[in-house]
Amino acid sequence: MTAVMLYIPNLIGYARIAAMLVSFYLAFGCTSPTDCDVNRADYKTAVLFYMMNFAGDLVDGYAARALDQCSKYGGVLDMVTDRTSTAGLCALLATLYPREALVFTALMVLDIFSHWFHVVGAEMAHTHHKQHQTSFFLKWYYGCYPLFAYCCVSQELYYLSRWILRYATPAPVLVGGVDLAMLATFVFLPVSRWILRYATPAPVLVGGVDLAMLATFVFLPGCCMKQVVNVAQFWNAAGNIADLDQATRKHKKEPPPWRPPRHKPGPESRRTQKSRAPMPHAAGFGAWRDFDQEGGSQYEKVFGLQRTS
């Protein structure tokens, strides 16, 4: 273990991981790792631990800059914790809302695809993942911090809102297998509204505002825009990585530039063009021997033979 692993921001990262694991353990209503039931989950405590994890994500970056403890290890730890937290939350929502399971699974896959390509592309270009942008849309997104913060926070709060509303809102009132709320809206409004007034509990209020309204009209637009950014981020990073590969292959195929020899031999050291003549059968089984400018071959010099002509 090195000193970098014990930096204050990284300790915050470890606490985030612990809070995330506890949150998911409670959210799935587990009494053991192999015995889970979301219907008996202590969702309020689970949401509290997840909010602690989310709050740690807001302060670890400030702590790293304030204490001059920025590190690549901390950046990787923060990124992986963010992605696994979002993936786990999407998996939980897919369990709580079976009819929307495909939607939440697709959001989880898109999030991992986008950020993995984005970070690897930035690492190959030796830049920070928030600075390596070739798309005007992404430059505008990362350059406008209020917009960037709104989209990231809205995504998390929308997921949390859906999580809370799953437990706070009771099952719909059914009349002949049809949701009474749907009948109230499209068929017979007055009588149904009177019944639903007593059948449906008071809405979940956050600061005096209905949480369902916040989720729909405040958090959902930011969450949708974050998915658009994820698609653009993936496409931009994929193109950059492919361009780097293409440039590398082109560089390998190009022949090396010609360079003149370091030392040119003088006229006195140049040897004449070697001539080849058949060696006598007794001397070398019909092999070839090379004569230099003095008329003798290496074979004759080694064995002391004399040339006769």
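Biologist: Which handedness does the link of Cys30 and Cys36 have about the S-S bond?

Modeller: The model is a predicted one, and in it a disulfide joins Cys30 to Cys36, with an S to S distance of 2.1 Å. The angle about the S-S bond is 95 degrees, and the link of Cys30 and Cys36 is right-handed.

Biologist: How many disulfides does the count come to, and where does Cys90 stand?

Modeller: Cys90 is in no disulfide, since the nearest cysteine sulfur, that of Cys223, is 8.2 Å away, and a disulfide needs sulfur atoms within 2.5 Å. For Cys151 the closest cysteine sulfur, in Cys152, is 6.8 Å away, which is too far for a bond. The count comes to one disulfide.

Biologist: Is Cys30 buried or exposed, and how does Cys36 count?

Modeller: A residue is buried when its relative accessible area is under 20%, and Cys30, at 15%, is therefore buried. Cys36 has a relative accessibility of 40% and so counts as partly exposed.

Biologist: What relative accessible area does Cys151 have, and what is the value for Cys90?

Modeller: Cys90 has a relative accessible area of 1% and is therefore buried. Cys151 is buried as well, its relative accessible area being 0%.

Biologist: Turning to charged side chains, at what N to O distance do Arg16 and Asp57 meet, and which helices hold them?

Modeller: The side chains of Arg16 and Asp57 form a salt bridge with an N to O distance of 3.5 Å, and the cut-off for such a contact is 4 Å. Because Arg16 lies in helix 1 (residues 8-27) and Asp57 in helix 2 (residues 43-66), the pair ties together parts of the chain that are 41 residues apart in sequence. The distance asked for is 3.5 Å, and the elements are helix 1 and helix 2.

Biologist: Which residues are linked with Arg16 in a network of salt bridges, and how does Asp57 count in accessibility?

Modeller: Arg16 has a relative accessible area of 4% and is therefore buried, whereas Asp57, at 24% relative accessibility, counts as partly exposed. The network of salt bridges links Arg16 with Asp57, Asp60, Asp78 and Asp82.

Biologist: How far apart are the closest N and O atoms of Arg83 and Asp111, and are these residues buried or exposed?

Modeller: Arg83 forms a salt bridge with Asp111, and the closest N and O atoms are 2.6 Å apart. The pair links distant parts of the chain, with Arg83 in helix 3 (residues 72-96) and Asp111 in helix 4, 28 residues apart. Arg83 and Asp111 are both buried.

Biologist: How many salt bridges does the count come to, and what is the N to O distance for Arg40 and Asp35?

Modeller: Arg40 is partly exposed, with a relative accessible area of 40%, and Asp35 is partly exposed at 35%. Their side chains meet in a salt bridge with an N to O distance of 3.0 Å. The count comes to eight salt bridges.

Biologist: How many aromatic pairs does the structure hold, and what geometry do Phe104 and Tyr159 adopt?

Modeller: The structure holds 14 aromatic pairs. One of them is formed by Phe104 and Tyr159, with 6.4 Å centre to centre and 75 degrees between the planes, an arrangement that is edge-to-face. This pair links distant parts of the chain, Phe104 in helix 4 (residues 101-124) and Tyr159 in helix 6 (residues 145-168), 55 residues apart, and both Phe104 and Tyr159 are buried.

Biologist: Why is the pair of Phe117 and Phe234 edge-to-face?

Modeller: The ring centres of Phe117 and Phe234 are 4.9 Å apart and their planes stand at 85 degrees, so the pair is edge-to-face. Phe117 is in helix 4 and Phe234 in helix 9 (residues 211-253), 117 residues apart. Phe117 is partly exposed at 26%, and Phe234 is partly exposed at 24%.

Biologist: Which charged end sits over the ring of Tyr97, and which residues form a cluster through ring pairs?

Modeller: Ring pairs link Tyr97, Phe104, Tyr158 and Tyr159 into a cluster. Over the ring of Tyr97, 4.3 Å from its centre, sits the charged end of Arg162.

Technical notes:
Residues are numbered from 1 along each chain as its sequence is written. This is a predicted model: local features need pLDDT of at least 70, side-chain atom pairs count only at pLDDT 80 or more; totals for chains, interfaces and linings use all residues. Side-chain values use heavy atoms; hydrogens and water are left out. Rings of Phe, Tyr and Trp (its six-membered ring) pair if their centres lie within 6.5 Å; planes under 30 degrees apart count as stacked, over 60 as edge-to-face and the rest as tilted. Helices (H or I, at least four residues) and strands (E, at least two) are DSSP runs, numbered from the N terminus. Buried means under 20% relative accessible area, exposed over 50%, partly exposed in between (1.4 Å probe, protein chains only). A charge sits over a ring if NZ of Lys or CZ of Arg is within 6 Å of the ring centre and within 35 degrees of the ring normal.
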